[in-house]
Amino acid sequence: MAPKESTAACLSTTDIESTLQALSDVGWARLRKIARSLAHLYQIEAEDLLHEACCRALDGRRRCPSNVNLFKFLGEAMRSIASDASKAVKRHPELRLVSDSDDDENAYDPPDEQLNTEEKIIIEQEVTRKKQAILNLFEDDPVAHIMVDGIMEGMEGEELRAFTELDKTAFASKRRLIKRRIEKAFPEGRMP
Amino acid sequence: MTRQKSNNHLALDRLAASIVNDILNMTDEEILAEIAADGENPKQVAQETKDIFDRAVTACGKAKLAAARKSVLADRQQGSKVLQPNPNVARQKLEKILKQHPETLSKLTLAARNGEGLSDSDVFSMLDDFKELGVTPPIDKEDDNE
């Protein structure tokens with residue numbers, strides 16, 4: 001479905017390309033960091049994730065509102081792609097040779113991409129396992145555990161800070177600890 | 001394709017969004033410090049990431065070229081249909097015009113009047129001439145089926 005915002009309110013694909021071409025080293029490093037963190041969480045390849053997000057931005061499938069930071073835009077694109085990919089049980093759909101003839105007998109009948117009940121259960125079990133594996137990382141740190149739990153329940157900002165009963169400095173520090181521990185626990189996008 | 005998300009899936013998505021947000025809020029110095037702490041070279045990390053972007057640029061460029069080529073081929077095929085109408089239909093049209101305008105028929109050579117010796121291009125050319133003069137064949141069911 002085409003985005004509803006007008007073209008004038010979005011960066012052109014040329015703008016996106018030229019802005020990224022001019023990115024500093026630390027800018028690239030930031031993008032790679034986002035890609036890796038998401039890869040850790042969703043069990044996919046960071047390189048594939050960044051490549052796909054760039055492609056969608058460059059060919060206009062994803063449009064960046066002109067008032068949105070490009071890093072935020074690409075970060076959200078990667079998060080969305082990773083989330084969708086983790087839901088797809090058929091990551092490697094069956095490939096078949098297809099005749100280009102109009103003959104009905106040779107017409108291509110695409111495989112059913114709908115998930116059956118068993119596949120849905122497998123995916124749900126996998127997601128549950130991932131969630132638990134992440135929570136298990138913080139068994140030794142009850143505050144971090146509570147914070148991760150709160151984030152997963154949709155808390156953020158001041159509500160989350162109040163939930164953890166931390167002051168602002170300790171809260172920021174705990175957030176960094178959570179991020180780093182997840183990054184280090186699941187390197188290269190591989191879950192235990 | 002969008003599928004309904006489970007609560008566990010939403011939980012992972014929220015954590016992911018939170019981590020992305022944290023990285024976006026990091027200063028440049030903090031980013032560089034973490035890369036160094038991981039034992040990596042920021043220059044190399046940047047170059048490797050830019051290489052991924054460059055590959056995406058190349059892939060998109062190729063895809064755009066392929067789409068443009070497909071579009072040109074489609075236009076060409078459509079154009080060739082206009083330039084190469086069915087000669088049998090053209091002869092029928094010419095015959096109808098000549099029947100409708102007998103004064104024109106009398107000005108043609110005997111052979112042309114009988115429809116003999118006219119090549120397909122002669123027929124097309126005559127139809128073009130008639131069209132320029134504003135003479136068109138009467139519309140009937142056959143024409144509707146073209």
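Predicted model: local features only at pLDDT ≥ 70, side-chain atom pairs only at ≥ 80, totals over all residues.
In chain A, the secondary structure amounts to eight helices and zero strands, so that the order of elements from the N terminus reads α-α-α-α-α-α-α-α. Chain B is likewise assigned eight helices and zero strands, and its elements, taken from the N terminus, run α-α-α-α-α-α-α-α. Of the 192 residues in chain A, 39% are buried, whereas buried residues account for 29% of the 146 residues of chain B. The accessible surface of chain A is about 10,900 Å², with carbon and sulfur atoms contributing 51%, and that of chain B is about 9,800 Å², with 53% belonging to carbon and sulfur atoms. When contacts between residues at least 6 apart in sequence are considered, 65% of those in chain A join residues at least 24 apart; for chain B, the corresponding share is 72%.

The interface between the chains was examined next. The size of an interface is often expressed as the accessible area that is lost when the parts come together. For chain A and chain B, the buried area is about 4,700 Å², of which 64% is given by carbon and sulfur atoms. Within the area that chain A buries against chain B, A:Trp28, A:Arg30 and A:Lys87 supply 14%, which is more than any other three residues provide. The contact involves 52 residues from chain A and 46 residues from chain B.

Polar interactions across this interface comprise 23 residue pairs in polar contact, with both residues of each pair at pLDDT 80 or more. On the side of chain A that touches chain B, two or more residues are given by each of helix H1 (13-21), helix H2 (25-42), helix H3 (46-58), helix H4 (70-87), helix H5 (117-136), helix H6 (142-152) and helix H8 (168-185) of chain A. The largest share of this side, 13 residues, comes from H2(A). Classified by residue type, the side of chain A that touches chain B holds 21 nonpolar, nine polar and 22 charged residues.

Side chains of opposite charge can pair when their charged atoms come close. Over all chains, the structure holds 24 salt bridges, and the count between chain A and chain B is twelve. One of the salt bridges joins the side chains of B:Glu34 and A:Lys179, with an N to O distance of 2.8 Å. A:Lys179 belongs to helix H8 of chain A and, because its relative accessibility of 1% falls under 20%, is classed as buried. Apart from its neighbours within four places in sequence, A:Lys179 is in contact with A:Lys33 as well as with B:Ile19, B:Asp22, B:Ile23, B:Met26 and B:Glu34.

Salt bridges with shared partners connect A:Lys33, A:Lys179, A:Arg180, A:Glu183, A:Lys184, B:Glu34 and B:Asp38 into one network.

Salt bridges are also found within chain A, including one between the side chains of A:Glu183 and A:Lys33, at 3.4 Å from N to O. This pair links distant parts of the chain, with A:Glu183 in helix H8 of chain A and A:Lys33 in helix H2 of chain A, 150 residues apart. Both members are classed as buried, A:Glu183 with a relative accessible area of 9% and A:Lys33 at 7% relative accessibility. In another salt bridge, the closest N and O atoms of A:Glu52 and A:Arg61 are 3.6 Å apart. Here A:Glu52 is partly exposed, with a relative accessible area of 24%, and A:Arg61, at 48% relative accessibility, also counts as partly exposed.

Methods. Residues numbered from 1 in each chain as written. Chains lettered and ligands numbered in written order. Heavy atoms only, no water. Helix = DSSP H or I, 4+ residues; strand = E, 2+ residues; numbered from the N terminus. Buried < 20%, exposed > 50% of the residue type's maximum accessible area, 1.4 Å probe, protein only. Contact = heavy atoms within 4.5 Å. Areas by Shrake-Rupley, 256 points an atom, 1.4 Å probe, with all protein chains shown as cover. Buried area = accessible area lost by both parts, 1.4 Å probe. Salt bridge = Lys/Arg side-chain N within 4 Å of Asp/Glu carboxyl O. Polar contact = N/O pair within 3.5 Å; in protein donor to acceptor, adjacent residues only side chain to side chain. Nonpolar A, V, L, I, M, F, W, Y, C, P; charged D, E, K, R; others polar.
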